[in-house]
There are 2 protein chains.
Amino acid sequence: MQKILDYIEAQKENHLSQLIDFLKFPSISSDSKYNADMEKCSNWLVEHLKNIGINNVKTYPTAGHPIVYGEWLGAGKDAKTLLIYGHYDVQPVDPLSLWNSAPFEPTILNNRIYARGTADDKGQLFCHVKAIEAHLKTYGKLPVNVKLLFEGEEEAGSNHLEDFIIKNKEMLSCDFSMISDTEWFAEGLPTICYGLRGIAYIEVKVTGPNRDVHSGSFGGAIDNPIQVLAWMITQLKDRYGRITVPNFYDDVVPATNDERENFKKLPYNEAAYKEDLGVGELNGETGYSTLERTWVRPSLDLNGIVGGYTGEGAKTIIPSWASAKISMRLVPNQKPSQILKNIAAYLRKLAPPTVKVEVQELHSGSPLVVERDSIGIKSAVAALKAAFGKDVVFMREGGSIPIVVLFGEELHAPAILMGFGLPADNIHSPNESLHLDNFFGGIRASAIFYDEISKQ
Amino acid sequence: MQKILDYIEAQKENHLSQLIDFLKFPSISSDSKYNADMEKCSNWLVEHLKNIGINNVKTYPTAGHPIVYGEWLGAGKDAKTLLIYGHYDVQPVDPLSLWNSAPFEPTILNNRIYARGTADDKGQLFCHVKAIEAHLKTYGKLPVNVKLLFEGEEEAGSNHLEDFIIKNKEMLSCDFSMISDTEWFAEGLPTICYGLRGIAYIEVKVTGPNRDVHSGSFGGAIDNPIQVLAWMITQLKDRYGRITVPNFYDDVVPATNDERENFKKLPYNEAAYKEDLGVGELNGETGYSTLERTWVRPSLDLNGIVGGYTGEGAKTIIPSWASAKISMRLVPNQKPSQILKNIAAYLRKLAPPTVKVEVQELHSGSPLVVERDSIGIKSAVAALKAAFGKDVVFMREGGSIPIVVLFGEELHAPAILMGFGLPADNIHSPNESLHLDNFFGGIRASAIFYDEISKQ
């Protein structure tokens, strides 16, 4: 391994400069005006993988954005096969005015690289690409077979990946799947994530009058769609953090005592948590700690709302409609399809006869918890410890990676979530960044991991 | 009068074509990107008034948009003096996609002229301009002195008119003020409006975390500003239409029995009202009819709301903030300044310690009821009856014209509200229009009114 690690050390400047090229593409998957950039980004990735020695690399078109796939199977049939998943698409960047540097002009400051997609997920994905390069350039081979699957729709619901996986099961068959798209509990504390929440995301639109009408002429006589929607929103969750959608908690599996005890040992600092967010008080489900509220309990949040006049100054209308984006984070064994059905029916039932209500399902994904004593997890723990020189802790995570569940169901491949992000990375927010120690360490850990798992 | 009416009849094509020129200016006062258009529109109006024989016409700059003022005082010191008020600014046009023709390319269809500002208020203002022209071109004089005051900020709160009036009391001194900016109860039913609701308009912003954060990582642990704002909105009005802001109804003067009986005689058709709006049911304050709810009872409406991600697709954030525009329509003797103070204090009190709340006052105006048996109202009734050949009815109106109150307070001039709009005009909405019979009839009625009031 030492020669490989030496190569990684020697190539630091090159690796960083290549990452910068990768980050410059505004690969925002959820907004169709970036479609051409998505294609350019996927083509760049294909060329890059070819250059480091990956075989059969190409883009696979979908009804949405292309999937990039390539493989190196030179370890032979008796060696283990690892499917490495990542995504080259990124979140939208608004509000743009809050960025300190342009989101697609990567900027290095205080040992961090700032750009949309640095931590989520281009930077983490690139750790594996550079680790594979290190093996191939040093010894001309890897101790495991690797299959690289990089999608372009993770931030838009991964709508076409399931279909791709089902149609290409043989090509994608593997012993383990590896996803580097999670974050550590704290800086300097290498972490394995063994649980993810699922998601169910809808948009609800409330329509009152068939046009915007004058609030003087009609005010007092008709229901206002914004006010009806506001009332409906208050019927979804009470002020004690308890979700009031019927049957919402039916299938929730409580966390074990062992898990809850483990969480208590983590260096969670509520004062720092509040200060980082700039909030005076937290608020969540009564009877649970903050870590439990975000990792092992489901949640419901409004992600956006719009209705009526939102420009400068005053406009005296009762708007025709108002709409809201609502998402729920789910825990085992909640079923997204059932949850979507329940909330849609509930919202329609809440609607008074003065308005029309439309509910649209935007996307969903199942929750997941993986076994902490599997071969894959053990290898990841060893790799992280060796790469960063520190003990490894376990955590669960509030976010969702629906694809991890799919790998389990369709490919029967246990998932390993070895991430390199940090809480301060501001993913999904302005000024997203990635710590450079974690980028370079992530390359080392990935390279060591291939070695570790090949020995198990 | 017959010669004057003949002139008006002969000039129909010219008058319409001049109105079209006036309507082409996108004079949207509440959006600063139309500032240059506002200036062009005011200059056009100045030139037009000069051409018909109005004296001392010019624009008076304000900190906002210019005021156009001119006068014809040839009737002499013993004649009555009439201050004619109108506004050349218009409402914003969004949502633009719902217009059947471009809002600033006037289009004639089915005896109506379609454009933003046709009814509110360029078309109505222009009736007076053309009526004055008819007198001056026919006999070289008017039976009354006229002062024309056309402002450019009515749709943005008339922020600088009060100051202008107070500073120019002598120039503006008059016996009556005339405002043509109201509508008839129904097509073919000439109407005098004797009451207007006041207004109090605020914007409230709720801020939670100091940035948009990932709804997976933080969902369940912190309050969501959209949900807090939604809850605050529900605390302003109950489902029975009763406003729950403390002390809101303290100063409300109930309508008289005579008024309520009069309203019952008007041809109000609830089925047609609902069908026009496209709503299944109405909803308003228990114990009051629709006309009472909109004319003699105060109301509270959300005019706009925005927060979080409102673009295409799904974005998984808890937004940093959400804001709403809230306006109340007031009736005598509610005081806007007190109402603004009460709602701001109430909103701040409602806010939980998890968020920050900012309340901004946008504008306000007092409610008004004028005596139905005054000389001015009697002359207007006679003029409408002669011009349209039909009996005149009385109504109150749900909208607000704060300036009418100001004329009473500062100039001691009773207001006459002789409007020519119709309920189907879609003011403040897409596809605003003005019935051409009401435009031409409005010119006749204005011309006759000057004659009638001069004889009283």
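Colleague: Which residue in β2(A) is the bridge partner of Thr59(A)?
Modeller: Val68(A) is the partner of Thr59(A) in β2(A). This is a predicted model: local features need pLDDT of at least 70, side-chain atom pairs count only at pLDDT 80 or more, and totals for chains, interfaces and linings use all residues. Residues are numbered from 1 along each chain, chains are lettered from A, and side-chain values leave out hydrogens and water.

Colleague: What makes β1(A) and β2(A) a pair?
Modeller: Pairing takes at least two DSSP bridges between two strands. Residues 55-60 and 67-72 of chain A are joined by four bridges, so β1(A) and β2(A) pair. They run antiparallel, and a hairpin of six residues connects them. Strands are DSSP runs (E, at least two residues), as are helices (H or I, at least four), numbered from the N terminus.

Colleague: Which residues lie nearest the centre of the largest pocket?
Modeller: Tyr273(A), Asp276(A), Pro423(A), Ala424(A) and Phe218(B), out of 35 lining residues. A pocket is an open set of points on a 1 Å grid over the protein atoms alone, with protein on both sides within 12 Å along at least five of seven lines; lining residues have an atom within 4 Å of a point.

Colleague: Which element gives the most to that lining?
Modeller: α10(A), with four residues. Elements giving two or more include β16 (393-397) of chain A and α7 (215-218) of chain B.

Colleague: What about the second largest pocket?
Modeller: It has 30 lining residues; Phe218(A) and Tyr273(B) are among the closest to its centre. There α11(B) gives the most, also with four residues.

Technical notes. On a 1 Å grid over the protein atoms alone, a cavity is a set of points where a 1.4 Å probe fits but cannot get out, and a pocket is an open set with protein on both sides within 12 Å along at least five of seven lines; lining residues have an atom within 4 Å of a point.
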